[in-house]
Amino acid sequence: MFTLIESIRVAWLGISGNKLRTFLTMLGVIIGVSAVIALVSVGQGAQAQATSQITALGSNLITVMPRGGGYRIEAKDLPELRVRSPLIQFFLPTVSAGQHTVKASGASYQVSVEGTGADYPAVRERGVINGAWFSEEDVTTRRRVAVLGTTTVTKLFGEGADPMGQTIRLMGQSFHVVGVAESKGTGFGGQDQDDLILVPYTAIARLMGLNRIPTLILKTASAADSTIVTQQVTDYFVTKFRNPDGVRVQSQDQLLETVNSMTQIFTLLLGAIASISLAVGGIGIMNIMLVSVSERTREIGIRKAIGAKKRDILLQFLIEALILSVTGGVIGILLGSLGSQGLTKVLNFPALVTTDSVLISFGFSLGVGVIFGFYPALRASNLDPIEALRRE
Amino acid sequence: MIAIRKLTKVYGSGDTKVVALAGVDLDIASGEMVAVMGPSGSGKSTLMNMVGCLDRPTSGEYFIDGKEVGQIDDNQRAEVRNRHIGFVFQAFNLLAKLTALQNVETPLIYRGIRPRQRHQWAQEALDRVGLGHRGHHRPSQLSGGQQQRVAIARALAARPSILLADEPTGALDSRTGQEVLGLFQALNREGRTVVLVTHDEHVAAHCKRIVRLSDGLIVSDEANAAPLDAHAELHRLFGGGEVAHA
């Protein structure tokens, strides 16, 4: 039996004879695999980032948003929902007021303002490091109080200043600072999550002339409860609006699914584009293997004359192709991982090389070797020894 | 040991049909040294390909050691070549990237002999042709005569039933050629069966039996009562110079 080890040894001799050609042939696979690794790492990084963003918002959350101006969530819906859906633990009406100029002690700049409720610390899993969160009473009485992010504190009052008891001017009104929110650091795309002002949604709604709740966030104790509540809340608003499309109720799991399927498509697309170069690399291997078979016709003839079977010759050339593609693949994985680290720095975004993408690329390069190496190897193995020996 | 019965080989068909062998009967017994002669186009190359199991006859039978090998498939034919035939070619046909020893080992690899035994057999074969000390040289570092000796060692290593040599001296100068003939004669004296395919009367004259082909048929098959002795010839032609190991 002509063992595998012998085949590898013989194949290695064939390859090592022409180092420049071997390297150039490998280069196609190296570029292909490193492109796949680097680009897929961007996609997977985006996915991991999006997932962590969503889970950072809190857990077991449900977002309720009316579709279109005609449908309103009103304050009176809250007690109604509380009765119908006892599994709801917390209610968080939310008004994203956008960017507004804030002024305090001579400083002034544009900051994002969000109207929210007293359940914010429980729902967002973000408390205060100083002072206290505004109460349910503050919310119902539309008291103009504010909790500031740490960056906002620094920008308005200076590094390390205590803003408690200070007054800030926002939308032409004075707000009393009652707390400083826990720091959450930098989010997706470099956004500072500590540069914001949180105020009772009732107060900001009045200033904006808003008599509805644009977004209602609910929290339940578990994912299972979330599923039940999602249905109950949907039923409630469908009845209220007399329109099944009047409201969108989305649990966090559903949101994760949606985002994941989007980033997956993104990843696949990037991977597919990169795979084209891998296929081109494979064609390069096939080309060189065909040249090699034709150059070494005489060698094949000699080997056959002294007793090599078809399988021996097939294996020899197939293994040559595999050595090219797999070595190229391994180098490509290393280069691609380096590239993805580079991308992390350039994009300010953690590109993620996963075991999956490494295994898949390795598998692909193996596949490229087999697919593109098989035909030349088959041609070699089918050569007639008499014809082959006649060739110079 | 070799029995060929009514062997024919026809290339092409219809108007372009070429009959290379038109019904050959040939027996070669163990220990013989036979020259197969004929001008080009006589069918001697075709006969060599048949005897060497490189090709399949159109009709007729071919037995090696009583076993029919004419109509077997490609893989079986490769195995017969590996076990029973030791080829020696005019152009040596060594693998340029391998050392002499590796070249000699190659048929043993295809037979699946373990490395240790392979090295031993290959080394023995190289010793036998007088090149035991050149095992690690590549073909390009050896003279033509030495290369042909390595090729003979390769043919010997697998311990075949017959040595089948196609114009083995054709690419060598006459003195080296004479030395190679001497090696074949010595191997034959040790009991090995040798078949030399040649168009050279002088080469054929070293064999104990001469078979002549013409137009695809054997036209004469005679014993050579007084074969030339390669060593004596070497002395006669080139004087008392050093005689290569044989």
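Me: In what order do the six strands of the open sheet in chain B run?
Reply: This is a predicted model. In chain B the edge strands are β6 (85-88) and β10 (217-223), each with pairing on one side only. The sheet is open with mixed pairing, and the order of its strands is β6-β7-β8-β3-β9-β10.

Me: Do β6(B) and β7 of chain B pair in the parallel or the antiparallel sense?
Reply: Strand β7 of chain B covers residues 162-166. Within this pair, Val88(B) is placed opposite Ala165(B) of β7(B). Four bridges join the two strands, and their sense is parallel.

Me: Which helix of chain B packs on the sheet, touching β6 and β7?
Reply: The helix spans residues 144-157 of chain B. Its direction makes about 175 degrees with that of β6(B). The helix that touches both strands is α5 of chain B.

Me: Is Cys53(B) buried or exposed?
Reply: Cys53(B) lies in the loop between α1 (44-51) and β4 (59-64) of chain B. Its phi is positive, about 60 degrees, although Cys53(B) is not a glycine. A residue needs 20 or more other C-beta atoms within 10 Å to count as buried. Cys53(B) has 24 C-beta neighbours inside 10 Å, so it is buried.

Me: How does Met171(A) count: buried, partly exposed or exposed?
Reply: In chain A, the loop between β6 (167-170) and β7 (173-181) holds Met171(A). Met171(A) has a positive phi of about 50 degrees and is not a glycine. Because 16 other C-beta atoms lie within 10 Å, Met171(A) is partly exposed.

Note on methods
Residues numbered from 1 in each chain as written. Chains lettered and ligands numbered in written order. Predicted model: local features only at pLDDT ≥ 70, side-chain atom pairs only at ≥ 80, totals over all residues. Pairing = 2+ DSSP bridges. Contact = placed C-beta atoms within 7 Å. Axes fitted to C-alpha atoms, helices over the stretch in contact; angles between N-to-C directions. Buried ≥ 20, exposed ≤ 12 C-beta atoms within 10 Å, placed from the backbone.
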